[in-house]
Amino acid sequence: MVDGKIYKMDTEQFRKHGKEMVDYICEYLETIKHRRVTPTVNPGWLKNQIPLEAPVHPEAFDAIMKDVENIIMPGVTHWQHPRFHAYFPSGNSFPSILADMLSDSIACIGFSWAASPSCTELETIVLDWLGKAIGLPEEFLTFSEEASKTINSARQGDSETEVHNGKGGGVLQSSASECIFVCMLAARAQAIKRLRKLHPFIEEGVLLSKLMAYCSKESHSCVEKGAMMAFVKLRILEPDENNSLRGATLRQVMEQDEAMGLIPFFVSTTLGTTSCCSFDNIPEIGLVCQQFETVWLHVDAAYAGSAFICPEFRSLMNGVQYADSFNLNTNKWLLTNFDCSCLWVKDRFKLTCALVVDPLYLQHGYAGAVDYRHWGIPLSRRFRSLKLWFVLRTYGISGLQKYIRHHCQLAKRFERLVRSDNMYEVLNDVKMGLVCFRLKDDPTNKLNKKLLETINESGKLHMVPSLVHDKYVIRFCVVAEHATEDDIDYAWKIIKETAVTVVYNEQELTEKREEQVDEVFELSERKKKDDLAYRRSFFVRMVSDPKIYNPIIARSSPGSRRHTHLSSMDDDIHDPLSTSTSDTEDTMTQPASSWISWPLAFLFQGVFDDKEGNDVPVRFRHLATKMHFKSKSKSPEHLATEENKSRRNSPVFPRKSSYVKTENENNMQK
C-alpha cells in the first residue's frame, strides 16, 4: 500500500518506469568501467540487508530501484566490465535486450507449434540461418538448399508450394550442458534399440550396464555430469601434447572395451576447450566412430563455434560431417544474452524418439508440424528465437564477423605483450580470444597463485586459473563487446605491476626464511660443539673427581681426599705411580676409594704392583657396592693368557673369585 492506496502498475506507470529502466540500463553499461569488477562481500551478507519475509503491503517502485543500486549492485560481479577477463564472454547487446523485453511481454510458452506458431517456426528458420552462416553441412539443416530455392520462388510468385524438409534441424536449448545431455540420452536410446534387436531376451538394465561413453580430459565437466544422470559409464581419455584428442587413442580404447564385452555408444568431442581453447582432431575421431555401428559422435563448440562465422576459422571444424550433433552458445560470443544455446542434429527423429511423451492435452491436429517439446528436457519454452533474430538482423553477418575478428586481434595483442617479457610464458596456442599465461620459474605454482589472488582481490581485473599440461595457468579472455587496445594495455600494466610486487615480497620472505634457517643451523651447530666440549670436559673431570657426580658418597668414603687415577689434575690429588712425595707410603698403605665406570676397572689391574695383595677398594657408578681389587704384578704374556678370565669377572655379572670380594660378603664374614 502506497499513500493509503493499493499499488498497481498500469500502462502509464509502466511506460514511465520502463523509460526509467532503459535509462538506468544505459547509464549502468556506460559507467560500468568505473565500478569495481568483483564485489567485496562475504557469503550470507544479503540476509542482513534484506528482510527474510516478503512485505505485506506494496512498496513504491522508486524504493525498489533505490535498493537495487544500494543493496543489489554491491554484490554483483560485472561480466560486461571491460576489466572482466575471467570466463568466456557472456553475450549481450542492446538488440538482444530489447528482444528479450518483447519476448517477456508476449510471454508465450512455445512447447508446440499450436501453442505459438511464430515461436516455433522462427526458431527453425533462424537456426538454419546461423547453421549456414557457420558452414554446417546441409544434413544439419531443416531446409535443404533445394527446399530454400523452392520457397524463394514461391515467395516471389505469391504461390504456396509444398516443401519436403530434410531429416536434420536445429533447436534452442538453455545451455551446452543440456545440449550434450540430450544427445547422450538420444544416443543411449539408439544403442539400446539396436541391442534389443540383437538380444531380445536380455533385460534392458543389463544392456544399459554395458554402454560406454568417451571424452577427452579437456572436455567440459558437463559430459561427466551427463553420464552420471544417464546411468552410463564414461571413459575419460588423455589428449596429445596439444591438448587434442586423437583418433588412435580413441580407437585403441574402444577396441579394448569392445573385447571386454562393453559397447561404445557415445563420443563427445570439443572445439575450443574451456581450459585452453584447444581443438580435438574431429577428422580422425570421425573415421574411428564410423567403424562402430552404435556410436553417436557429438561436437561441442560452445565458445569457438561462433567464430566459424568467419571463413578463416572454418578449417578448425573439419570433420564435422562425421558428427551426429553439433552445438554452440550464441550467448557466449555472438552478442546474444543468456540463455540461447544452439543444437543441430543430422536426424531429428533419432533425437525426438528418445524424448517423446504425448498426452492428450498436448496433442493438436497439425500433422507434420515441429513440436519442440520433443527436442529437450523441459516442456515449457520461452520465445528465445526473437533475440537471435534481432541480433542477426541488426549486426548482419559482416558485423558479427568484424566483432569476432576484433576480439581475436586483441587476444593476439595480449599474447605479444606476454611473450615480450621473459618473466612470463604462454602455454596455449592462441587461435581465438583466450590466452593462458603464467610466470616462469615457479615449479610449486605459489607465485602464480599469489599473483592471481592479489589481482582479483584488488578489484582492478578479474581472471580465473586453469591447468594446461598439468601446469597452473591464468586465463585471460577478451570478453567485453566494446573492448579496446587500451583495455588490453591496461590489463597488462596491472598484471606486470602486481607481479613485480608479488615476486619481490616472495623473495624477501624467502630470504628471511633462509636467514632464519641459517641462524637456527648456526645455533644448532654451536650448541652441538659446546655440548661436545662440555661432555669431553665433564668426562675427564668425572674420571678424575668423583665429587662431580656423587659428592655425598665421595665424602662418606674413606680417604676421600685422595683419589686413585692415572694422571694428576691438581696439587691436591696424589699419583700412586709417583714415589717422590713424602706421603706415598701412607697413601698407598690405606688405598683410596673412587666412583668409576666399570670398564676402567680393568685398566687399574696391575697398576699397584709395589706389594702383592694390595687391596684397592673401588666403587662403581651403577652398582651399589664396593669392589676390592688385589693388584698383582703381571707380565704382558700373563695378561694375555688372563684375558678371558678378566672378562668372566666383569662387575656387571659379579662372580666369586680369589681376588674379588664384595662389601656384602665382608659384612657376612664379620
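Student: So axes are lines fitted to C-alpha atoms, for helices over the stretch in contact, and angles run from 0 to 180 degrees between N-to-C directions. At what angle do helix 3 and helix 13 pack?

Tutor: At about 150°, with the axes 8 Å apart. Helix 3 covers residues 94-106 and helix 13 covers residues 385-419. Keep in mind that this is a predicted model.

Student: Are helix 3 and helix 13 roughly parallel or roughly antiparallel?

Tutor: Angles over 145 degrees count as roughly antiparallel. Helix 3 and helix 13 are therefore roughly antiparallel to each other. Helix 3 passes helix 13 in a right-handed crossing.

Student: Which residues in helix 3 and helix 13 meet?

Tutor: Helix 3 brings Pro95, Ser96, Ala99, Asp100, Leu102, Ser103 and Ile106. Helix 13 brings Leu386, Lys387, Phe390, Val391, Thr394 and Tyr395. By class, that contact of helix 3 with helix 13 has eight nonpolar, three polar and two charged residues.

Student: Is Cys277 buried or exposed?

Tutor: Buried, because its relative accessibility is 4%. The cut-off for buried is under 20%.

Student: You mentioned helix 10. How does helix 9 pack with helix 10?

Tutor: Helix 9 (residues 247-259) and helix 10 (residues 282-290) pack at an angle of about 25°, and their axes are 8 Å apart. So helix 9 is roughly parallel to helix 10. The crossing of helix 9 past helix 10 is right-handed.

Student: Which residues make the contact of helix 9 and helix 10?

Tutor: From helix 9, Gly247, Leu250, Arg251 and Met254. From helix 10, Glu284, Ile285, Val288 and Cys289.

Student: One more pair. How do the axes of helix 6 and helix 8 cross?

Tutor: At roughly 45°, coming within 9 Å. Helix 6 is residues 176-198 and helix 8 is residues 221-230. That angle is why helix 6 counts as oblique to helix 8. Helix 6 passes helix 8 in a right-handed crossing.

Student: Which residues in helix 6 and helix 8 meet?

Tutor: Ser177, Ile180, Phe181, Met184, Leu185 and Arg188 in helix 6. They meet Cys222, Val223, Gly226, Ala227, Met229 and Ala230 in helix 8. The residues of this contact of helix 6 with helix 8 divide into nine nonpolar, two polar and one charged.

Student: Switching to strands. Where does His298 lie?

Tutor: His298 lies in strand 5 (residues 296-300). It counts as buried because its relative accessibility is 0%.

Student: What does His298 touch, leaving out residues up to four places away in sequence?

Tutor: Ile180, Cys183, Phe266, Val267, Ser268, Thr269, Ser325, Phe326, Asn327 and Leu343. Phe326 is 28 residues from His298 along the chain, yet their C-alpha atoms are separated by 6.0 Å.

Student: And where is Ser341?

Tutor: In strand 7 (residues 341-345). Ser341 has a relative accessible area of 0%, so it is buried.

Student: What does the side chain of Ser341 make a polar contact with?

Tutor: The side chain of Asn329, at 2.8 Å. The Ser341 side chain also reaches the backbone nitrogen of Ala176 at 3.5 Å.

Student: Which residues does the cis peptide bond join?

Tutor: Phe338 and Asp339, with omega about 5°. Asp339 is in the loop between helix 11 (330-333) and strand 7.

Student: Zooming out, how many helices and strands has the protein?

Tutor: There are 21 helices and 15 strands. Of the 670 residues, 45% count as buried. Among contacts between residues at least 6 apart in sequence, 70% join residues at least 24 apart.

Conventions: Residues numbered from 1 in each chain as written. Predicted model: local features only at pLDDT ≥ 70, side-chain atom pairs only at ≥ 80, totals over all residues. Heavy atoms only, no water. Helix = DSSP H or I, 4+ residues; strand = E, 2+ residues; numbered from the N terminus. Buried < 20%, exposed > 50% of the residue type's maximum accessible area, 1.4 Å probe, protein only. Polar contact = N/O pair within 3.5 Å; in protein donor to acceptor, adjacent residues only side chain to side chain. Parallel < 35°, antiparallel > 145°, perpendicular 65-115°, else oblique. Left-handed = near helix turned anticlockwise from the far one by under 90°. Contact = heavy atoms within 4.5 Å. Nonpolar A, V, L, I, M, F, W, Y, C, P; charged D, E, K, R; others polar.
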